Amino acid sequence: MQFNNKFYEEFSNYIFKHTGIHYAEANYYQLDARINKLMKFLETDDENEVLKAIQGGFIKDQRVHQMIVDLATNNETYFFRDPGVFNAIKSELVPQWLEKIDQGGKVSVWSCASSSGQEIYSIMMNIEEKRPGGIEKGFEFKATDISNSILEKAKSGVYSQLEAQRGLPIMMLTKYFKQTDESNWSIRDSFPKKVDFSNFNLLTGAYPVAQFDLICCRNVLIYQKKENKAMVLGKLYQSLKPGGLLLLGNTENTFGLNKDFQGQTIGGVAMFQRPLEEKKGAA
Amino acid sequence: MKIMVVDDSKMIQALVKETLESRGISVVLAENGQVAKDKLAAGEEIDLILLDWNMPVMDGPSFLVAVKEESLTSSPIVMMTTENKPEKIQEVIEKGVVEFIMKPFTDDVLFGKIEMVTGVSYAV
């Protein structure tokens with residue numbers, strides 16, 4: 001179904017206002033499937049009904065709001081996405097974390113756009129591979145997303161057979177998951193129990209201060225405008241402990257957006273550090 | 001890279017062949033374990049084997065035992081099957097399978113597993 005430009009404009013404005021994701025006019029066609037899904041949910045084939053529902057950028061029905069957020073955000077993820085990144089975490093970061101914990105310290109990891117949880121669970125599996133039972137002592141895991149429905153899925157720890165195969169070696173599947181029925185696999189109960197899941201909007205949320213050793217924000221900011229990228233990076237910087245690391249997507253960096261981060265190559269992967277000793281005048 | 005697809009389903013053979021060839025991988029087909037074994041015995045050089053479980057004449061697990069006994073190949077073998085019970089998976093891992101693809105699967109699962117086993121990325 002094709003819609004008129006005024007309608008696309010209202011719809012994309014709503015998405016931009018609430019998620020920061022910008023749909024340019026040339027990309028309006030990408031909204032078609034999402035709008036159709038929403039109309040099905042509203043049980044209408046009249047686009048004016050949708051307009052009414054989002055009039056003035058305010059949606060009375062929270063379910064409709066969540067549905068639009070879900071439709072607009074890209075939940076694409078899989079286990080050990082970008083194997084090089086997880087090899088670096090396993091070989092370089094996990095040993096440092098375990099050492100820190102052995103000396104009485106705490107290690108906190110935040111997956112800030114966690115989607116269905118594969119990222120945080122992959123990190124946890126890496127820790128378990130180095131030290132069985134390791135996630136139980138000294139670690140704190142936080143996973144947030146803007147979409148409630150995807151957070152529910154992350155919390156459940158249940159994945160379809162297809163999802164459970166994407167990126168996950170078979171030895172890890174049989175070790176950390178159990179088959180719940182013919183077509184679903186569920187991660188070990190102790191994993192979701194250890195994670196603090198919550199809804200968080202990177203543009204408007206109140207960020208924790210100086211709390212994390214690692215923040216993963218991979219392939220999230222690519223959808224944002226430059227000023228939003230800079231704003232989020234500034235806040236993520238403040239959320240890191242001095243010496244903490246930010247992990248961005250393979251094609252992303254902080255250049256031209258934030259001057260405080262110090263680029264590091266760890267295990268062949270670019271990471272961005274909040275320096276232990278901050279420059280004078282740094283935020 | 002050259003991959004041998006051992007599957008009695010003509011449809012799976014055609015689909016997997018087309019998918020692999022679309023990324024520049026050569027494909028050798030075999031409709032059951034016996035045919036695959038004969039090809040290896042005749043000196044066919046293969047980088048990876050995708051192996052179905054249930055096939056007439058010689059099934060996947062029997063093929064695994066046979067190639068091991070006769071030292072026919074040192075190439076990695078990936079099971080590609082509708083069998084998905086943990087004990088079944090364990091059974092063939094013990095027989096030498098290095099990865100496991102559960103049907104149905106998508107091309108990114110297929111190429112993901114190929115990358116896990118060979119270290120070669122075919123991501124587009």
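In the predicted model, chain B carries 12 positive and 21 negative side chains, with the centres of the two sets 1 Å apart. Of its 124 residues, 45% count as buried.

The secondary structure of chain B consists of five helices and five strands, which run β-α-β-α-β-α-β-α-β-α from the N terminus. The radius of gyration is 13 Å, close to the 14 Å given by the globule rule for 124 residues, so chain B is as compact as a globular protein of that length. Along the principal axes, the C-alpha atoms of chain B fill a box of roughly 40 × 35 × 25 Å. Among contacts in chain B with a separation of 6 or more, 62% are accounted for by residues 24 or more positions apart.

Over all chains, 20 aromatic pairs were counted. In one of them, the ring centres of Phe3(A) and Phe7(A) lie 5.0 Å apart with the planes at 40°; the pair is therefore tilted, as this angle falls between the limits of 30 and 60 degrees. Phe3(A) is buried, at a relative accessible area of 8%, and Phe7(A) is buried at 1%. The rings of Phe7(A) and Phe11(A) have centres 6.2 Å apart and planes at 25°, so this pair is stacked. These two residues are four positions apart in helix α1 (residues 5–19) of chain A and are thus separated by about one helical turn. Phe11(A) also counts as buried, with 1% relative accessibility. Phe3(A), Phe7(A) and Phe11(A) belong to one aromatic cluster that includes Tyr8(A) and Tyr28(A).

Terms used
Residues numbered from 1 in each chain as written. Chains lettered and ligands numbered in written order. Predicted model: local features only at pLDDT ≥ 70, side-chain atom pairs only at ≥ 80, totals over all residues. Heavy atoms only, no water. Phe/Tyr/Trp six-rings, centres within 6.5 Å; stacked < 30°, edge-to-face > 60°. Buried < 20%, exposed > 50% of the residue type's maximum accessible area, 1.4 Å probe, protein only. Rg over C-alpha atoms; globule rule 2.2 N^0.38 Å. Contact = heavy atoms within 4.5 Å. Lys, Arg positive; Asp, Glu negative; His and termini not counted. Charge placed at Lys NZ, Arg CZ, Asp CG, Glu CD.
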